[in-house]
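Reader: Here is a structure I have not seen before. Please take me through the labels attached to it, one at a time.

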Amino acid sequence: MSEAREIRESDGKLGVLMPGMGAVATTFVAGVELVKKGLAGPVGSLAQLGTIRLGKRTENRVPKIKDFVPLAEMDDLVFGGWDAFPDDAYDAATLAGVLEKEHLNAVRDQLKEVRPFPAVFDPRYVARIEAAHEKEYGSLKEAAEQVREDIRTFKSEHGLERAVMVNCASTEAYAQPQKAHFDLEEFEAALERSDPSISPAMVYAYAALQEDVPYANGSPSLAADIPAFVDLADERGVPVAGKDFKTGQTLMKTIIAPGLKARMLGLEGWYSTNILGNRDGEVLDDEKSLKSKEVTKLSVLNTILQPEKNPELYGDISHVVKINYYPPRGDSKEGWDNIDVFGWLGYPMQIKINFLARDSILAAPIVLDLALFLDLAHRAGMGGIQEWLSFYFKSPMTLPELYPEHDLFIQQMKLKNTLRAIMGEDLITHLGLDYYE
Ligand SMILES: NC(=O)c1ccc[n+]([C@@H]2O[C@H](COP(=O)([O-])OP(=O)(O)OC[C@H]3O[C@@H](n4cnc5c(N)ncnc54)[C@H](O)[C@@H]3O)[C@@H](O)[C@H]2O)c1
């Protein structure tokens with residue numbers, strides 16, 4: 001049995017701050033408000049609905065996760081954020097068109113109160129949006145100071161001790177770590193001279209870490225995953241996790257690929273295509289933003305299948321991912337996957353998946369779980385990269401010398417074992433030989 005960590009009490013309310021208050025963020029906020037009123041259930045949230053086995057199978061101890069670890073209550077969540085448009089959460093949710101009028105009107109008053117701070121915006125990073133609600137600043141350092149001030153204002157207006165940040169802003173142009181991103185001093189000097197390699201997503205992440213606000217990145221943009229921020233998070237003991245919510249097609253990929261691999265079935269190719277018509281889709285219609293998304297989507301198969309270990313099964317896979325903006329679809333995305341597999345003696349077979357998903361409906365419970373688990377980690381004294389939250393991401397953050405785990409079931413086991421470890425319970429290996437001795 002591991003030793004239980006000391007966990008600070010979750011007194012008072014918890015602020016959830018979101019850069020980007022579009023479809024995902026408002027579907028999350030409206031959903032939590034509906035659940036608070038008992039008008040809907042938190043489907044898709046492991047933190048709310050999931051159970052966790054403790055001890056031996058004969059002990060019959062299987063509490064709900066929320067009864068096992070001291071999470072903040074949904075009733076105690078309050079919301080804020082930043083957006084490039086001034087709409088409150090009710091208007092933004094109406095525009096996003098994800099939830100029915102009837103649902104939105106039931107929580108209209110609560111949504112009307114959630115108004116974004118002006119954004120730190122840079123059209124070089126998001127080309128398809130013309131911002132109508134942005135900050136004025138001289139240098140990016142000033143921009144970061146303003147975001148930090150917003151965080152303090154939000155906390156004092158709501159009387160909060162604690163807040164977390166989940167990035168739900170549009171996907172930025174693809175970027176890789178540059179010189180200014182490798183250490184904090186360099187980064188801060190680059191902020192002062194408004195170095196073009198610093199994106200708005202990085203400014204928000206920097207402000208969060210400096211304010212001791214745990215941070216998760218739901219978008220594929222480069223943000224907390226630069227070395228300077230990993231060091232900063234470690235130094236300040238602030239949890240970070242990312243990136244890119246694992247929702248529709250990639251979720252399916254990380255469910256099915258481990259199954260094929262478990263049975264040693266071969267793979268010749270995996271062709272994935274999507275149509276989507278929301279603002280996320282419009283932003284992704286720009287080549288530079290699309291590249292960020294494609295990179296996170298493509299990375300998963302190799303680490304699950306490990307072609308170098310089984311070249312005869314996975315050595316020559318053709319993996320293609322396409323995303324097309326198609327306005328009539330709105331938030332109701334459609335994904336097609338054609339999977340060319342082969343079995344005994346190399347005989348070919350095909351699997352077809354046609355997922356008529358709802359993007360933000362799949363993403364909203366992830367925002368909730370991340371907010372609750374990041375806050376728990378912080379109170380339990382766990383700073384830096386939270387690999388156990390890989391479960392929620394297409395491109396999980398790890399130390400540079402580690403490869404990320406993409407297999408959903410390994411991720412789930414890692415998450416639950418981390419909760420057991422935090423609470424001083426035995427880790428579960430599923431060995432089970434002792435039952436037969
Ligand atoms: N299933 C999913 O919905 C899903 C899955 C994985 C990742 N994501 C990512 O989550 C993010 C949000 O998706 P969405 O569907 O809500 O998109 P959205 O376009 O509806 O919302 C994004 C919001 O971010 C705002 N924004 C853009 N730049 C900003 C800035 N610099 N500061 C503050 N706000 C800014 C936009 O004005 C917009 O309101 C995207 O990056 C998307 O790729 C979504």
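Author: Start with one term: buried means under 20% relative accessible area, exposed means over 50%, and partly exposed lies in between (1.4 Å probe, protein chains only). Helices (H or I, at least four residues) and strands (E, at least two) are DSSP runs, numbered from the N terminus. This is a predicted model, in which local features need pLDDT of at least 70 and side-chain atom pairs count only at pLDDT 80 or more, while totals for chains, interfaces and linings use all residues. Residues are numbered from 1 along each chain as its sequence is written, and side-chain values use heavy atoms, with hydrogens and water left out.

Reader: What makes strand β4 mostly covered?

Author: β4 spans residues 162-167, and six of its six residues are buried. R162, V164 and V166 point one way, and A163, M165 and N167 point the other way. Both sets are buried.

Reader: Which strands does β4 pair with, and in which sense?

Author: Two strands pair if DSSP finds at least two bridges between them. β1 (residues 14-19) and β4 have four bridges, in the parallel sense. A163 in β4 is the bridge partner of G15. β4 and β5 (residues 215-217) have three bridges, again parallel. There, V166 stands opposite A216.

Reader: What holds paired strands together, as a rule?

Author: Strands of a sheet pair through backbone hydrogen bonds, either parallel or antiparallel.

Reader: In what order do the strands of the open sheet run?

Author: The order is β3-β2-β1-β4-β5-β6-β11, seven strands with parallel pairing. β3 (117-118) and β11 (384-385) stand at the edges, each with a single partner strand, so one side of each has no neighbour in the sheet.

Reader: How do you know that β6 and β11 pair?

Author: They share two bridges, in the parallel sense. The cut-off is at least two, so the two strands count as paired. I385 in β11 is the bridge partner of V240.

Reader: Why is the contact between E149 and R152 called a salt bridge?

Author: A salt bridge is a side-chain nitrogen of Lys or Arg within 4 Å of a carboxyl oxygen of Asp or Glu. The closest N and O atoms of E149 and R152 are 3.0 Å apart, so the pair qualifies. Both residues lie in helix α7 (residues 140-157), three residues apart, about one turn of the helix. E149 has a relative accessible area of 41%, so it is partly exposed. R152, at 36%, is partly exposed too.

Reader: What makes D225 and K243 a salt bridge, and where do they lie?

Author: Their N to O distance is 2.8 Å, so the pair falls within the 4 Å limit. D225 lies in the loop between β5 and α10, and K243 in the loop between β6 (239-242) and α11 (249-262), so the pair ties together parts that are 18 residues apart in sequence. D225, at 22% relative accessible area, is partly exposed. K243, at 11%, is buried. A cis peptide bond joins G242 and K243, with omega about -10 degrees.

Reader: Why do E308 and K309 count as a salt bridge?

Author: The N to O distance is 3.8 Å, so this pair also meets the 4 Å limit. E308 is exposed at 58%, and K309 is exposed at 55%. Elsewhere, salt bridges that share partners join R148, E149, R152 and E211 into one network. The structure holds 24 salt bridges.
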